[in-house]
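I opened my notebook to record what I could look up in this structure, one entry at a time.

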Amino acid sequence: MFELELFSNASARPSLPTGVTRLEGFALEWQDALLAALTQVIAAAPLRHMLTPGGQRMSVAMTNCGALGWITDRRGYRYAALDPRSGEPWPALPEVIRKLAAAAGLAAGYASFEPDACLINCYAPGARMSLHQDRDEQDFGAPIVSVSLGLPATFLIGGLTRRERPLRLPLAHGDVVVWGGPARLAYHGVAPVVDGLHPKLGRQRINLTLRRAGALKLNGN
Ligand code: MD3
Ligand code: FE
């Protein structure tokens, strides 16, 4: 009758930093079109393990679609219009990814999110991404949208300095997270992916990171 709700849904849920919006299962209704589009992109621009500027091979395999692709090699981190592996432009941003990004942006309060870069990160069991900031983009006013597919993962969300102890945010297949405003430059990472078998993706996790990397468009140009 008068039970205290010690663990109501609201209080059991770790509160997210301002500017972080989690959209649970948001991508599920797009998943088949999304996976078909990814298969095509990866056929044209295969996943590869890039080198950090320090010469370490990244445990995450990557490729890109969209006008700009994020790359790293001995010369540094940057965006490039051409895939260095082929010398060709990255595959175009598939319509389903553009629509998903815009819908997720809208759901998080961003009226017109139009990404020009989609980084595709592929994690095998054990792969991880250490704490870092995303700061290779030209306009930090635009949000970042990330889409998690396949094996579950745990995002590590720190503060604006490396010092802050990161919060752990578990994510499942189909979850979308929008990072903007005061969270845009937060340190973040991905804990080592735990082995498992996803019904559609098998032993892997794929994350799409959608960003506005180039200058923001004015008046639709
Ligand atoms: C942005 N990738 O590629 S974004 C990356 O799961 C990257 O592969 C993540 O970080 C991944 O640079 C998905 C996760 C993320 C988490 C916290 C953030 C992005 C953030 C905080 C501020 C800005
Ligand atoms: Fe990042």
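I began with His132 in this predicted model, and I found that an N or O atom in the side chain of His132 sits 3.0 Å from an oxygen atom of ligand 1. I then looked up how much of ligand 1 is covered, and noted that taken alone ligand 1 exposes 520 Å², of which the protein buries 98%.

Which residues come nearest to ligand 1? I listed Asn121, Tyr123, Ala183, Arg205 and Arg211, out of the 19 residues around ligand 1. For Asn121 I wrote down a polar side-chain atom 2.9 Å from an oxygen atom of ligand 1, and for Arg211 I also noted a polar side-chain atom 2.9 Å from an oxygen atom of ligand 1.

Next I turned to the metal, and saw that the iron ion (ligand 2) is coordinated by His132 through NE2, Asp134 through OD and His188 through NE2, at 2.0 to 2.1 Å. Along the chain, I found that these donors follow the spacing H-x1-D-x53-H.

Are His132 and Asp134 buried or partly exposed? His132 counts as partly exposed because its relative accessibility is 21%, whereas Asp134 is buried, with a relative accessible area of 6%.

My last entry concerns Leu156, which lies in strand β8, residues 153–157. I noted that Leu156 counts as buried because its relative accessibility is 17%, and buried means under 20%. Leaving aside neighbours within four places in sequence, I found Leu156 in contact with residues including Leu131, Tyr187 and the iron-coordinating His188.

Technical notes
Residues numbered from 1 in each chain as written. Chains lettered and ligands numbered in written order. Predicted model: local features only at pLDDT ≥ 70, side-chain atom pairs only at ≥ 80, totals over all residues. Heavy atoms only, no water. Donors = N, O, S within 2.8 Å, 3.2 Å for Na, K, Ca; no water. Buried < 20%, exposed > 50% of the residue type's maximum accessible area, 1.4 Å probe, protein only. Helix = DSSP H or I, 4+ residues; strand = E, 2+ residues; numbered from the N terminus. Contact = heavy atoms within 4.5 Å. Near = heavy atom within 4 Å. Polar contact = N/O pair within 3.5 Å; in protein donor to acceptor, adjacent residues only side chain to side chain. Areas by Shrake-Rupley, 256 points an atom, 1.4 Å probe, with all protein chains shown as cover.
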